[in-house]
Amino acid sequence: MFSVEPDMHIDSLEQAEAIVLEGTSKWSCKIEITVKCAQGLIAKDKSGTSDPYVTVQVGKVKKRTRTMPQELNPVWNEKFYFECHNSSDRIKVRVWDEDNDLKSRLRQKLTRESDDFLGQTIIEVRTLSGEMDVWYNLEKRTDKSAVSGAIRLHINVEIKGEEKVAPYHIQYTCLHENLFHSLCENNAGIVHLPQAKGEDGWKTYFEPPAQDIVDEFAMRYGIESIYQAMTHFHCLSTKYLCPGVPAVMSTLLANINAYYAHTTSSSAVSASDRFAASNFGKEKFVKLLDQLHNSLRIDLSMYRNNFPASSQEKLMDLKSTVDLLTSITFFRMKVQELSSPPRASTVVKDCVKACLRSTYQFLFANCYDLYGREYQTDPNEKRDEDTGPKLDDLGFWDKLVALVASVIEEDRNSYAPVLSQFPAELNIGQLSAATMWSFFAVDMKYALEEHETHRLCKTSAYMNLHFKVKWLFTNYVKDAPPYKDAIPEYPSWFEPFVMQWLNENDDVSLEYLHGAFNRDKKDGFQRSSEHALFSNSVVDVFTQLTQCFGVISKLECPDPEISNRYMKRLAKTIVKVLLAYVDIVQKEFDAKELDERTACILMNNIQQLRVQLTKMFESMGGKQLEEDATDILNDLQTQLLKALDELSGKFGKSLEPQIKKSVKELGELLQSIKGGSQNPQQVSMMEVDEILRPLMDLMDGSLSLFAQTCEKPVLKRILRELWKLVIRILERSVVLPPMMDKSMILKNLSENARSLAANARIEDMSRLIRNHMAGKQDVKNALTGVMDMEKNLNTKQCRVLESALKTIKTYFHAGGNGLKKKYLDKSSDLLSLCYALSLYTRSTDELIKTFVLSQLHQVPQKNDPLPRQPSLMSGTEVKDEMDEMDYDEDDETEEEEALDEAEEDVKSMGSRMEKLFEISRRPLQENYVYEEPYGEISINVYIETHPTNNEFKLTVTVVAANTLVWPTTGMFRPFVEVNLIGPRLADKKRKQSTKSKSGSWSPRYNEAFVFSISAIEDLECYELHFCVKDYCFAREDRLVGVAVLQMRHVPIMVRTGEWLGLGRRIQMNETGWTILRILSQRYNDDVAKEFVKLKSETRQEDQSSIQGS
């Protein structure tokens, strides 16, 4: 190793051996021993203490200290001097408990020892050199000895002939350091780390023969292994940036910590005291760690330069560096016993922040160059000399966002997995995102304030930048403290520019509207598709508005107040555009007489505006939309409805001349019918068809065209107008005298009265006669005219006209495609009575009982046979029959409420409703579908009869739930709601719930509930409805799944256990849906409302889904 010839090496060894032998015979030394104190001695006296003293023996010389009465942590500070002439001698230090009682004196005669043994330590003289202050653990003398504690000795050794030679520990330090630096120089300045494994691998510092040399020296001269480790740690601290060195240093310091901090149970000496007695030197090692700690902080503050992510070896060194910092912190807490040393996680966090600060500054100062190198832009691209942000260009900020994102990505993907020692305190990815965002936010906010003043860039450029900033925050910063669950500030920076974009969008949308309508008009208002009844201009207008809304919605504004302002401003844009479209259509109506097809398409366009507005309202948030925006859109919907009514009124009036002509012919044909004397009540259908021929010829063509051309709401409005015209014209032209005929009753009225009476109704005639007749004779003449006119309609004609009215109603009903029969019947009260007699005369208990008996597979289980029920009447036919009963709220008008009740129609409608209800009770064809369950629940059911009150006692035990399917990252608190469903339960307890179980997807409940069931009804009329829900404190509980157990499957007096799969919703056939629809309209019936809610509740599929009904 030292380039020495073998022969010379052998000669040197022989000379050294001779010198050692000669020196041994003349060897002597002076030893000064100070017994300082002891700690944690065992108690030997009955009082729980001891009276300790110490004996020190070197060779045959023995000395003792004074006795410290009743003390387990004595302090002596007594000094003794010895001379030793044999290096193989040992220093025996023993601790005793002094006793003077009778038992002790008796023991002295038998064993020559009157005192109790407390422990000993034996020190080899040859291992001593120089001056040392050491704690020694007390050891047993025999296996039966009971000892504990440690003793502190200060030893000073002066060896004859070696007074000027350095102590062995210093000699070892010189040897170790010279070997270390010599090996480094031979290895190009890099530390060569030995490949040692095993528990004691950390004690291997060099490769052979260097390791053999230091081990031999340590063994010969009593150099402690901990001193060797501390010496090597000191050497490595000078080369801590070399590859692999931080890992070795971390391991070394961890073992040094273990040596001093992990004291044995038999030793009560503190780690701080043991470290203070170290031969290496307390102050020296503490100073070494302080300097190393500061150096590591500096290097970690530049971790991107010192530990580049491109080098896996450097990343491992970074991890080891953090481990070394942790070991230093542990040393300060456990060995030095400092109260609050800097936590390693805090130090690393500060270092990362410092590095990120310098990184951001570097990115900001060199944005264009770095972006060009990172994303390989065209090197020939022309660049301005000014590399910073500008007021007339936003390109700098786009590039800076990309660079910031790349830094965060590198920290998240490369550095975060390495620096994972503090998962609960430090997440490098999140810290990087939060820190870089904090710097970026300050600059971005200031820059946008400047841009708001000058506005030199296009609005679209600001919107694009908004999207990039939103992307940066959403993808990287959103979940990082302190921004998690907090409203970010960035939407407020861009709010002025978004508002400016919305303002500009008004003009763009209006311009687009006029262009689309002109194109539509030029093409003749062709339908937009084969199945659509409206033209292309509506599609184009809402395409533009939807694109505008799409841009706003994609901003995903996290600030609800700003988002509400956006929605309110967008609502104003929608109002402006749609009202402009309505104004254009109204002008088109007024400008010229349109053909019927074009008029219908234009009205369809207005109706489609309403439909699309409703869809957009739901897209904008529906009921959760801001109140002002909601009011604006609701008011717009009202204006559109009013405009549609006005257009349908204008269109109806355009058909009035044709209807008058047809009704006049109808009246003439009616007058030609003569009443027979035999049976004037009998009416021939041939006669009815004959008088209706003129009107039906008109209606056949018009109704067919309207049914094919108009959307249903438009068709209803047109039919209403036509219905009003036909009935009023029939009233004026056929039933009442013609007002404008000079031969009739008003020929004696003044000119003013005649003009008033021209459009008067029959209920106004009495007022006109009283105010405007010239005299009594005039009244008589007028009444005579009326009498004559009334005589023109005989009984048979009246019966024919009544039959004709029924036929007209059938035409206007148009097989369900026209006006609803509720509107066409004579009274809304009549329809309500008929509807109630047919559908609502049955009690809630009877309907619920029918539901339970007919719905046998509400939540199909895996092994259930799912039959296809035979059909007496197809589902389509039943639906058509039931649709005849349905009506819209739009059908409600003042005219309906003013109609009179007719008894015969009540009877006919009542019987018909009863027939439809019977149809709804028939078994229907239905395909039940088995769905994979969202978990399952275990329940026990026990039914017993009550001995006194003629009731069944039902005990339901909810045992547990298993494998609940609920994708959530937040708090999950499932509970089970048990509902008893059946008749005669209005005054009984119907619903009970278990307690919620936090954070468990397979909770156990073991909770029992008791229900009472009347024995009047069969048990097969009852069922148990289970709902598993997620408990939410501040909002409605969310459904996890439902299950149903019908009592028909549960025997009496037999405990039944079931595992029920949880479905997403209840499955029903047509009968079930009919009953549910009936009960849903019983607003004042708590049992009905509760039943409908249970059977219509549906599990949400994701966070944005809405619970179905």
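User: Where does Pro482 lie?

Analyst: Happy to start there! In this predicted model, Pro482 sits in the loop between α15 (459–477) and α16 (490–522). A cis peptide bond joins Pro482 to Pro481, with omega at about 5°.

User: Which other residues does a cis peptide bond join, and what is omega there?

Analyst: Pro208 and Pro209 are joined by a cis peptide bond, again with omega of about 5°. Pro209 belongs to the loop between α3 (168–186) and α4 (210–221).

User: Why is Ala188 called exposed?

Analyst: Let's set the value against the cut-off. Ala188 has a relative accessible area of 69%, and exposed means over 50%. Since 69% is over 50%, Ala188 is therefore exposed. Ala188 is found in the loop between α3 and α4.

User: What makes phi of Ala188 worth a remark?

Analyst: Phi of Ala188 is near 60°, which is a positive value in a residue other than glycine. Glu556 is also a residue other than glycine with a positive phi, near 50°. You will find Glu556 in the loop between α17 (536–554) and α18.

User: How do you know that α8 passes α10 at an angle, and what is that angle?

Analyst: Helix α8 (residues 282–300) and helix α10 (residues 312–335) pack at an angle of about 145°, and their axes are 11 Å apart. The crossing of α8 past α10 is left-handed. On the α8 side, the contact includes Phe285, Leu289 and His293, and on the α10 side it includes Leu318, Ile328 and Phe331. The residues of this contact divide into 10 nonpolar, 2 polar and 2 charged.

User: What makes Phe285 stand out in the largest nonpolar core?

Analyst: Of the 220 residues in that core, Phe233 and Phe285 touch the most other members. Helix α18 (residues 560–591) gives the most to the core, with 15 residues. Leaving aside neighbours within four places in sequence, Phe285 is in contact with Met230, Phe233, Leu253, Ile256, Phe275, Phe280 and Phe331.

User: Which element has the lowest mean pLDDT, and which the highest?

Analyst: Helix α31 (residues 875–883) has the lowest mean, 34, while strand β11 (residues 974–981) has the highest, 95. The protein as a whole averages a pLDDT of 79, and 80% of the residues score at least 70.

User: Why should some coordinates be read with care?

Analyst: Where pLDDT is low, the predicted coordinates should not be read in detail. Over residues 737–750, pLDDT stays under 50, and the model has 28 contacts there beyond four places in sequence. Residues 1103–1109 also stay under 50, with 11 such contacts.

Methods: Residues numbered from 1 in each chain as written. Predicted model: local features only at pLDDT ≥ 70, side-chain atom pairs only at ≥ 80, totals over all residues. Heavy atoms only, no water. Axes fitted to C-alpha atoms, helices over the stretch in contact; angles between N-to-C directions. Helix = DSSP H or I, 4+ residues; strand = E, 2+ residues; numbered from the N terminus. Left-handed = near helix turned anticlockwise from the far one by under 90°. Contact = heavy atoms within 4.5 Å. Nonpolar A, V, L, I, M, F, W, Y, C, P; charged D, E, K, R; others polar. pLDDT = per-residue confidence, 0-100. Core = buried A, V, L, I, M, F, W, Y, C linked by side-chain atoms within 4.5 Å. Buried < 20%, exposed > 50% of the residue type's maximum accessible area, 1.4 Å probe, protein only.
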